[in-house]
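Hi everyone, thanks for making time for this one.

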Amino acid sequence: MKSNLCWIFSVIFCCFIGNSYGAESDPPIVNAISVDQTYVDLSQGSQTVTFSIDVFDESEIDWALSYIMIRSTTGVLKWINGSQPNIISVPFDTSDPSGIYEIQQLRIIDIHGNQATYSSSNLLNFGLPSSISVSSEIDFDFDKNDTVDALTDGLLLLRHAFGLTGSSLTDNVISLDSPLTVSEVESNLEQVSQIADIDNDGSVDALTDGLILLRYAFGLRGESLISNVISNNATRTSVADIEAYIESHMP
Ligand SMILES: [Ca+2]
Ligand SMILES: [Ca+2]
Ligand SMILES: [Ca+2]
């Protein structure tokens with residue numbers, strides 16, 4: 001009888017201990033993840049790409065162990081842990097090679113070691129892009145003849161911003177000394193939409209950004225460079241800032 005009672009008490013005691021101190025075993029669940037930029041312009045110096053993560057867990061997340069993994073197509077690996085709650089900041093410095101960096105994996109770990117791993121295809125379902133484009137060389141010399149000219153590069157951007165493609169984009173506006181094929185010029189123009197928002201209003205437009213570059217390539221400076229061609233929503237508006245921005249993307 002006595003030993004039975006001991007057994008019952010020890011079972012109750014163990015259950016109590018187990019319920020009080022046993023760790024939960026559920027992995028974290030990511031509700032949403034977003035990134036603040038998908039194009040890293042290293043010609044402007046080192047940059048930080050910030051991932052914001054909304055995650056549920058009944059315990060706390062161990063952000064110091066949670067990480068995102070990004071790998072360039074040339075093999076450069078960035079394995080970055082969270083530095084503060086809900087944020088993983090990925091640094092790119094000017095020594096990082098240009099190219100496409102694929103977002104390969106997100107792993108979130110709670111304080112008990114339960115982890116959830118999201119592959120690149122899982123992450124696409126959150127609306128995250130599959131990759132980040134990094135460049136230190138992109139400039140307004142679209143036909144790569146080492147100079148920015150109004151009637152070639154300037155008109156190319158204008159036509160591109162008007163939505164023209166194919167021969168209506170490239171006919172008669174590629175310099176004769178360009179080393180590129182027509183399709184290479186086109187792909188340069190597609191990439192350049194990342195830097196061609198000269199007035200920084202969030203979009204590349206012919207009658208603002210396109211005309212600004214055309215005027216610049218024609219040699220206009222000062223007020224005559226920007227008069228009547230800055231968007232109402234522009235956040236880069238002064239002559240000094242616009243000129244500095246264009247100059248930072250010259251070949
Ligand atoms: Ca958990
Ligand atoms: Ca050129
Ligand atoms: Ca713009």
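Of the 251 residues of the protein chain, 26% count as buried. Buried here means that 20 or more other C-beta atoms lie within 10 Å of a residue's own; 12 or fewer is exposed, anything in between is partly exposed, and the C-beta atoms are placed from the backbone. Please keep in mind that this is a predicted model: local features need pLDDT of at least 70, side-chain atom pairs count only at pLDDT 80 or more, and totals for chains, interfaces and linings use all residues. Residues are numbered from 1 along each chain as its sequence is written, while chains are lettered from A and ligands numbered from 1 in the order in which they are written.

Now the overall dimensions. The radius of gyration of the protein chain is 27 Å, whereas a compact globule of 251 residues would have one near 18 Å. That radius is taken over C-alpha atoms, and the globule rule is 2.2 Å times the number of residues to the power 0.38. Along the principal axes, the C-alpha atoms fill a box of roughly 105 × 35 × 30 Å.

How is the protein chain divided? There is domain 1, covering 29-135, and domain 2, covering 150-247, with bounds that come from an automatic or database domain assignment. Their C-alpha centres lie 32 Å apart.

On secondary structure, the protein chain has 8 helices and 9 strands. These are DSSP runs numbered from the N terminus: helices are H or I with at least four residues, strands are E with at least two.

Let's take the strands. An open sheet of 3 strands has the order β1-β3-β6, paired antiparallel; two strands pair if DSSP finds at least two bridges between them. β1 (29-35) and β6 (87-92) are at the edges with a single partner strand each, so one side of each has no neighbour in the sheet. Strand β3, residues 47-56, is joined to β6 by 6 bridges, and Thr50 has Ser89 in β6 as its bridge partner.

Next, a hairpin. Strands β7 (residues 99-109) and β8 (residues 115-119) pair in the antiparallel sense over 5 bridges, with Leu106 opposite Tyr118 in β8. Between the strands there are 5 residues, and Gly113 takes a positive phi near 95 degrees.

Over to the helices. Is helix α6 mostly covered or mostly open? It is mostly covered: 9 of the 12 residues in α6 (206-217) are buried, among them Asp209, Leu213 and Tyr216. The cover for those buried residues includes α3 (150-161), α7 (223-226) and α8 (239-247). Just after α6 comes Gly219, with a positive phi of about 95 degrees.

Helix α3 has buried residues too, including Asp153, Leu156 and His160. What covers them includes α4 (167-170), α5 and α6. Just after α3, Gly163 takes a positive phi of about 90 degrees.

Which residues have the most contacts inside the largest nonpolar core? They are Phe142, Val192, Ile212, Leu213 and Ile226, in a core of 26 residues. Such a core is a set of buried Ala, Val, Leu, Ile, Met, Phe, Trp, Tyr and Cys residues joined through C-beta atoms within 7 Å. Two or more residues come from each of α3, α5 (182-192), α6 and α7, and α6 gives the most, with 6 residues. A second, separate core has 19 residues, including Val49, Val90, Ile109 and Ile132.

Back to Phe142 for a moment. Leaving aside residues up to four places away in sequence, Phe142 touches Asp153, Leu156, Val185, Asn188, Leu189 and Val192. Contact means that the C-beta atoms of two residues, placed from the backbone, lie within 7 Å.

Finally, some loop residues. Lys144 sits in the loop between β9 (131-135) and α3, and phi of Lys144 is near 55 degrees, positive in a residue other than glycine. Lys144 counts as partly exposed because it has 18 C-beta neighbours inside 10 Å. Asp146 is in the loop between β9 and α3 and has a positive phi of about 75 degrees although it is not a glycine. With 12 other C-beta atoms within 10 Å, Asp146 is exposed. Ser83, in the loop between β5 (77-81) and β6, has 10 C-beta neighbours inside 10 Å and so counts as exposed.
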